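Welcome! Here is a short briefing to read alongside the structure, starting with one residue and then turning to the place where two chains meet.

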Amino acid sequence: MNISDIKKLARLARLSATDDELEAAAKGMDPILEYVAQVQKVAGMVGEKNIPDLINRGKDDVVTIETGTYTNVVLAEAPAHEGNYVKVKKIL
Amino acid sequence: MKNIDLKNLTIEKAHESLRGGEFSVRELVDRYLAVISEKNSDINAYLEIYNDINEQVLSAQKMFSDGTATILTGIPIALKDNMLFAGHIASASSKMLENYTATYDSTVVSILKKQGVVFLGRTNMDEFAMGSSTENSAFGRTKNPLAPDYVPGGSSGGSAAAVAMEGALIALGSDTGGSIRQPAAFCGIVGMKPTYGTVSRSGLMAMASSLDQIGPFAKTVRDAEIIFSAITSHDPLEATSVPMEARQLQATSYKLQTNRVGVPRDWLSGEGIDEEVKKNFEESLNILKKLGYELVDIELPVSRYSLAAYYILQPAEVSSNLARFDGIRYGHSNQEGDLLDVYEKSRGEGFGKEVRRRILLGTYILSHGYYDAFYGTAGIVRTQIEEEFKKVFETVGVIATPTSPFPPFKAGEKTEDPLAMYMSDLFTVPANIVGIPGIAIPSGKTNNGLPHSIQFMAPHFCEDRLFAIGKAFESAVQL
């Protein structure tokens, strides 16, 4: 993995980093990717019949607490808020 | 101060003494606080001692006087820093959450609160539970109380060290790939990862949601059993929590009741497994034989690749789960620049090196073009590993392995080589991949006097098998 790959990943993951940090991260990545690529060898052995059979577990969409119960404690953790809203910077 | 023999104290002994008035909750808690004030500045097991211990002590003592006390009332416990305790800071040992106050109770805290457990404080950990040495904390490393130059294991190293230094009778940790069992092994205590779906993760900071599980640290198997029995529950707040009847059904589907213990010999022949660890494991197997267990060699050839599959699934889930930290709703925030700057700077500054590494790795693995080769393939391998274990449990009741491929290592020894650090979880990761329970139990000492540990694994929802063999082993092993 080279520095430009890792820069793109950092952008995708919304992580600021200095070039030095990214350089170091890129270097550390290859041995890990090489190691985990072993799964490709095994998957060849076992074939496609083992595609995971996953189901989504949902919950009923019902209100279980009184509106406003947690508003103040939650807002207290927000870096910026206005009234009962968390404040976000203007996009356009 | 009351003279209480903390070293040999168990939950049941403490309970008898509290009930009989031999000592009070206050006296018991004060003994632990005295140890903490003597040792913690050096060991760094705790990041914070809670400021409401007095109130907790009073209400626990009241439960004894009004007859509502349970086995856990008044028992001092340490909490890993990634579990929410309303009104208290929960930081996951990250700068990201350094000043974050929990807005609600995790289900485990809420259960234990009702029982009158005394929460002493929150313990140090690898940041967001990523690491095997508790060196990745934003608040300094935790030392191994048995040998301060060595690491206590991780990621729940603070919880393990708290119990090992007699700074709490019991502790809670979380285990995604070995984060309870490996630190228990390194600190010479018992640590257990229950079946996926038994203990609610509501209020546990998510790392890799298909793998995370909360479990106990204790000095004896019986104590671990008591804590597990208390915190296991069906929680409607948690979508992956399994209803009690379904657990029973699945447990009884593993019909085989046997004293046969499976030993995956092929796992032990790989590189990087310490000779002393192998020798101690053979000695442990001899103890089991003497106890009347029948040892059977088993084959789990695909499961040898569990760690490779794990380092795909886990960073992928990490990158998704940690997307919630955006500098907008809570946690560290740098408000300079436009919205994109806020995201990038808040996350770049708030997360430490290992957390950023795993987010980048997960982002790569899930990106278009690599998804099938990595994440898709790891899913296929995971299913195969699950089937392998299911089949093996048709012939054996329990599986035994060493807990860690090597004994405790020195601080700094593996910090520059992430892959070497990841190898710590070689034997513990398969239980997380499959979702089965595992327990780590002390099994002797190295030539340097550091602890060895054996791991037992059982089928889904068959924790009782782990407690049974664990107690037998524990009473026979010479430490």
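Q455(B) is buried, with a relative accessible area of 0%; buried means under 20% relative accessible area, with a 1.4 Å probe and protein chains only. This is a predicted model, in which local features need pLDDT of at least 70, side-chain atom pairs count only at pLDDT 80 or more, and totals for chains, interfaces and linings use all residues. Residues are numbered from 1 along each chain as its sequence is written, chains are lettered from A in the order in which they are written, and side-chain values use heavy atoms, leaving out hydrogens and water.

**Around Q455(B)**
- Strand β11 of chain B, residues 451-457, holds Q455(B); strands here are DSSP runs of E, at least two residues, numbered from the N terminus.
- A polar atom of the Q455(B) side chain lies 2.9 Å from the backbone oxygen of F427(B).
- Beyond its neighbours within four places in sequence, Q455(B) is in contact (heavy atoms within 4.5 Å) with residues including R181(B), I399(B), F427(B) and I439(B).

**Where chain B meets chain A**
- Here, 56 residues of chain B are in contact with 47 residues of chain A.
- Together the two chains bury about 4,400 Å², 71% of it on carbon and sulfur atoms; this is accessible area (1.4 Å probe) lost on being put together, summed over both.
- Two salt bridges are counted between chain B and chain A, each a side-chain nitrogen of Lys or Arg within 4 Å of a carboxyl oxygen of Asp or Glu.
- R356(B) forms a salt bridge with E21(A), with the closest N and O atoms 3.3 Å apart.

How values were computed. Helices (H or I, at least four residues) and strands (E, at least two) are DSSP runs, numbered from the N terminus. Buried means under 20% relative accessible area, exposed over 50%, partly exposed in between (1.4 Å probe, protein chains only). A polar contact is a pair of N or O atoms within 3.5 Å; within protein, one must be able to donate a hydrogen and the other to accept it, and residues adjacent in sequence count only if both atoms are side-chain atoms.
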